[in-house]
Amino acid sequence: MKPWLTLVGIGEDGYPGLGKAARRALLAATRIVGAPRQLALLPPCISGERETWPSPFDLQPLLARRGEAVCVLASGDPMFYGVGASLARQVPADELQVLPAPSSVSLAAARLGWPLQEVEVLSLVGRSLATLNARLYPGTRLLVLSADGDTPAQVAEALRARGFGASRLTLLEHLGGADERRLDGQAASWDLPRGADLNLLAVECLADAGAQLLPPTCGLPDDAYRHDGQLTKRDVRAVTLARLAPLPGELLWDVGAGCGSIGIEWMRAHPACGAIAIEANEGRQEHIRHNRDALGVPGLQLVAGHAPEALAGLPAPDAIFIGGGVTVPGVLDDCWAALKPGGRLLANAVTIQSEAALVAFREQHGGELLRLVVAQAQPLGSFDTWRAALPITLLAVRKP
């Protein structure tokens with residue numbers, strides 16, 4: 001079928017900045033859909049009926065027009081954090097034509113002289129500001145897509161709070177248009193109360209002296225977490241995450257999550273990783289909420305309740321970690337039943353009873369048992385000796 005839907009990217013320079021193919025598509029369209037600001041950029045010679053997006057946003061009225069000559073207007077490159085991704089999931093590729101304009105990110109990189117392959121892009125449109133916390137490393141260059149004019153000041157405040165007040169900021173407004181403006185400053189002294197709603201913020205991350213710098217690897221320091229003692233300790237956590245082996249796009253269940261450390265570090269492994277923390281204790285639920293934001297993974301889902309009852313109805317996981325509760329009837333069996341084929345289940349045990357449960361489970365389903373003993377050198381009089389923590393038994397098993 002000939003494409004009936006054309007997605008036209010339009011910049012701040014409006015209709016004059018469009019190429020011939022985009023102009024022809026607009027002239028031939030019987031209906032043009034977009035935001036009021038984008039529709040206002042079209043000249044009177046475009047005769048197609050103009051239609052704004054419904055509120056709340058809904059693609060179904062547009063999809064009902066299948067077969068008509070329809071154009072959709074979108075800002076810049078529609079396939080980059082735009083409506084194009086949503087449409088491509090709903091419309092077959094041979095029915096959709098995409099005519100992009102330069103994205104705001106491409107324009108910003110051009111203005112700054114930053115090679116795009118060396119830049120991280122972060123969208124805060126409809127996303128929590130806490131997402132920023134997982135991207136802060138000295139020397140990193142960020143291009144932040146702002147939600148509105150308040151975002152730059154909020155980012156500057158967040159940088160100061162995380163020990164990155166020395167970071168250099170560049171605010172770029174109305175990129176590619178007649179009202180384009182650039183403002184440079186530093187997070188520590190940023191005082192612009194509000195920018196234009198159409199803006200992008202460039203951040204060159206520089207750490208203050210003494211800032212706590214957290215690596216992207218697993219095994220964060222224990223003091224990076226707020227907890228009440230229910231924490232998988234750093235060295236055990238590093239081994240556990242290595243065995244869980246997160247891959248992009250995979251989902252983890254963290255059962256008996258404590259302060260959420262396993263799920264949090266699973267999600268920090270890759271932006272596409274997801275995790276669900278199941279925790280019954282209200283105090284620990286508050287620790288999870290704090291830790292997920294502080295460590296930059298606000299998307300971690302918290303389920304309040306006891307396993308196995310709280311597991312009902314959750315999406316099937318690619319991996320499961322059971323940090324507590326393996327002796328509770330049904331926990332191991334229900335987790336195993338929910339796990340996707342080829343998925344990994346890991347469970348840690350400290351007590352003899354919980355270890356016995358893992359041994360019995362291994363006899364039925366196979367897997368590998370590992371005993372971890374971590375000892376630290378501590379003073380003994382004028383000398384040092386080894387002080388061992390409680391040994392941890394770890395079961396790792398892959399589902400056929």
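**View 1. Domain layout of the predicted model.** Domain bounds here come from an automatic or database domain assignment, and on that basis the protein is divided into domain 1 (5-101), domain 2 (105-205) and domain 3 (222-399). The model is predicted, so local features need pLDDT of at least 70 and side-chain atom pairs count only at pLDDT 80 or more, whereas totals for chains, interfaces and linings use all residues. Residues are numbered from 1 along each chain as its sequence is written, and side-chain values use heavy atoms, with hydrogens and water left out.

**View 2. The interface of domain 1 and domain 2.** Taken over C-alpha atoms, the centres of domain 1 and domain 2 are separated by 28 Å. In contact (heavy atoms within 4.5 Å) are 5 residues of domain 1 and 10 residues of domain 2. Between these two domains about 570 Å² is buried, with 67% given by carbon and sulfur atoms; buried area is the accessible area (1.4 Å probe) that two parts lose on being put together, summed over both. Of the area that domain 1 buries against domain 2, 85% is supplied by Glu12, Phe80 and Tyr81, more than by any other three residues.

**View 3. The aromatic pair of Trp53 and Phe57.** Aromatic pairs, in which ring centres of Phe, Tyr and Trp (its six-membered ring) lie within 6.5 Å, count as stacked with planes under 30 degrees apart, edge-to-face over 60 and tilted for the rest. The rings of Trp53 and Phe57 form a tilted pair, at 4.9 Å centre to centre and 55 degrees between the planes.
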